[in-house]
Amino acid sequence: MGKVYVFDHPLIQHKLTYIRDKNTGTKEFRELVDEVASLMAFEITRDLPLQEVQIETPVCPATAKALAGKKLGIVPILRAGLGMVDGILKLIPAAKVGHVGLYRDPETLKPVEYYVKLPSDVEERDFIVVDPMLATGGSAVEAINSIKKRGAVSIKFMCLIAAPEGVEEIKTAHPDVDIYIAALDEKLNEKGYIIPGLGDAGDRMFGTK
């Protein structure tokens with residue numbers, strides 16, 4: 001059964017406060033999202049396997065630890081998820097990046113896949129699906145569906161802010177997926193926005209309305 005991790009690190013919470021603030025401009029918003037993504041990546045990679053390697057320090061030979069070659073993939077949900085990718089790549093530069101694009105059908109209001117591009121060795125990678133917001137959970141569930149359909153077997157989901165409704169939606173649809181959250185908010189309002197949330201992450205990140 002997938003687990004839910006809510007990060008309470010002081011630096012993450014401090015930066016989230018400024019991300020939420022409506023007076024934070026586009027440039028600072030992007031920089032803060034990037035920084036929080038890096039801090040979250042530090043935690044989400046805690047269980048990566050290590051192996052012993054032989055090196056020479058300036059003083060003597062030594063046995064040291066290195067990552068055991070586990071392949072990682074980062075998959076942002078377009079478009080807002082793009083803002084979290086560079087922050088993760090700073091810590092894990094060897095990770096490959098895929099993309100999932102979804103739009104909402106105006107009649108059914110369900111997310112529909114319009115673009116998916118993943119690394120060729122899907123089955124061998126641990127994927128981290130990223131999106132700043134987890135509101136109703138519809139887009140996250142469909143993005144994970146899209147990746148699983150192409151052969152992925154190890155998937156984690158990472159977001160800045162989540163509503164309880166979205167968390168439950170992923171847990172129900174994908175009980176094998178661990179969820180990593182910087183802040184679990186109170187609820188969704190009647191329009192499907194997270195309360196207190198941060199507004200529309202894509203618009204704030206890219207300066208659109």
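Glu 31 is partly exposed, at 36% relative accessible area (buried means under 20%, exposed over 50%, partly exposed in between, with a 1.4 Å probe and protein chains only). The model is predicted: local features need pLDDT of at least 70, side-chain atom pairs count only at pLDDT 80 or more, and totals for chains, interfaces and linings use all residues. Residues are numbered from 1 along each chain as its sequence is written, and side-chain values use heavy atoms, with hydrogens and water left out.

The side chain of Glu 31 meets that of Lys 27 in a salt bridge, 2.7 Å from N to O. A salt bridge here is a side-chain nitrogen of Lys or Arg within 4 Å of a carboxyl oxygen of Asp or Glu. Lys 27 is exposed, at 57% relative accessibility. Helices (H or I, at least four residues) and strands (E, at least two) are DSSP runs, numbered from the N terminus.

## Other salt bridges

Side chains of opposite charge can pair when their charged atoms come close. By the rule above, the count is 15 salt bridges. One of them joins Glu 43 and Arg 46, with the closest N and O atoms 3.1 Å apart. Glu 43 is partly exposed at 25%. Arg 46 is exposed at 60%.

Arg 79 and Asp 203 form another salt bridge, with the closest N and O atoms 2.8 Å apart. This pair links distant parts of the chain, 124 residues apart. Arg 79 lies in the loop between strand E4 (71–78) and helix H3 (85–91), and Asp 203 in helix H6 (residues 201–206). Arg 79 is partly exposed at 35%, while Asp 203 is buried at 18%. Salt bridges that share partners also join Lys 71, Asp 121, Glu 124 and Arg 125 into one network.

Helix H4 (residues 138–149) packs with helix H5 (residues 164–173) at an angle of about 30°, and their axes are 8 Å apart. H4 is therefore roughly parallel to H5 (angles under 35 degrees count as roughly parallel, over 145 as roughly antiparallel, 65 to 115 as roughly perpendicular and the rest as oblique).

In H4, Ala 140, Val 141 and Ile 144 meet Glu 169, Ile 170 and Ala 173 of H5. Contact means heavy atoms within 4.5 Å. By class, this contact has 5 nonpolar, no polar and 1 charged residues.

How values were computed
Axes are lines fitted to C-alpha atoms, for helices over the stretch in contact, and angles run from 0 to 180 degrees between N-to-C directions. Ala, Val, Leu, Ile, Met, Phe, Trp, Tyr, Cys and Pro count as nonpolar, Asp, Glu, Lys and Arg as charged, and the others, Gly among them, as polar.
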